[in-house]
Amino acid sequence: MAEGLIAVRLKAWTAADLDLLRQANSPEMTAHLGGPESEEKLLDRHQRYLELTDPAAGRMFSVLLPDGQRAATIGYWERTWRGELVYETGWNVVPAFHGHGIATAAALAVIERVRAQHRHKHLHAFPAVGNAASNAVCRKAGFTLYGPVDFEYPKGTVSPHNNWCLDLANPRQAPAEARPGWRTPSC
């Protein structure tokens, strides 16, 4: 665990974690994600999370604090990006726990898990350009910013998101902005 970060534990997604999705389904929490989802869409999302059981293909987790409270969700999954299969990650933190470094600690824990898979070269995160908190998590967790891209999320909605990329083969990748014009194939 990085110095100064809260200790968190990732727990594989279970039926009991549906409440975490409901807690994050407010206008404030979904402002950068296309707005709140219907109960039907939440249940569909929950089912997809339950079905992510192969660590090589992706997993969803509830994020537990040292006292056992469920404070956030995080996961990783495969996606094709610029012609290459990569991992993508995303998270949310229950409003009562905002501002405590939980998302950064969880992101670092996910990075360890995807590195252990030895399956893909890159891990991406695509927070909305205006989502200052999630962009800060990417920076603190060691991702490199490659700038804005038109990104489809939710399905059918294309808007500017930042493309943050982490080289999984480089355990020493430090937080830094990308050099203008420099690109790796999938970033």
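Close-up 1. At 5% relative accessibility, Phe 151 counts as buried, because buried means under 20% relative accessible area, exposed over 50% and partly exposed in between (1.4 Å probe, protein chains only). This is a predicted model, in which local features need pLDDT of at least 70 and side-chain atom pairs count only at pLDDT 80 or more, while totals for chains, interfaces and linings use all residues. Residues are numbered from 1 along each chain as its sequence is written, and side-chain values use heavy atoms, with hydrogens and water left out. Trp 81, at 10% relative accessibility, likewise counts as buried.

Rings of Phe, Tyr and Trp (its six-membered ring) pair if their centres lie within 6.5 Å, and planes under 30 degrees apart count as stacked, over 60 as edge-to-face and the rest as tilted. By this rule the count comes to six aromatic pairs.

**Close-up 2. Tyr 76 and Tyr 87, an edge-to-face pair.** The ring centres of Tyr 76 and Tyr 87 are 5.2 Å apart and the planes stand at 90°, so this pair is edge-to-face. The pair links distant parts of the chain, since Tyr 76 belongs to strand β3 (residues 70-81) and Tyr 87 to strand β4 (residues 84-93), 11 residues apart. Helices (H or I, at least four residues) and strands (E, at least two) are DSSP runs, numbered from the N terminus. Both Tyr 76 and Tyr 87 are buried. Trp 81 lies in strand β3 and Phe 151 in strand β6 (residues 144-152), 70 residues apart.

Close-up 3. In helix α4 (residues 132-140), the buried residues are Ser 134, Asn 135, Ala 136, Val 137 and Cys 138. These buried residues pack against β4, α3 (102-117), β5 (122-125) and β7, where contact means heavy atoms within 4.5 Å. After α4 comes Gly 142, whose phi is positive, near 100°.

**Close-up 4. Pro 171 in a loop.** Pro 171 lies in the loop between β7 (158-167) and β8 (176-177), and at 61% relative accessibility Pro 171 counts as exposed. The C-alpha atoms of Pro 171 and Gly 142 are separated by 9.6 Å, although these residues are 29 apart along the chain.
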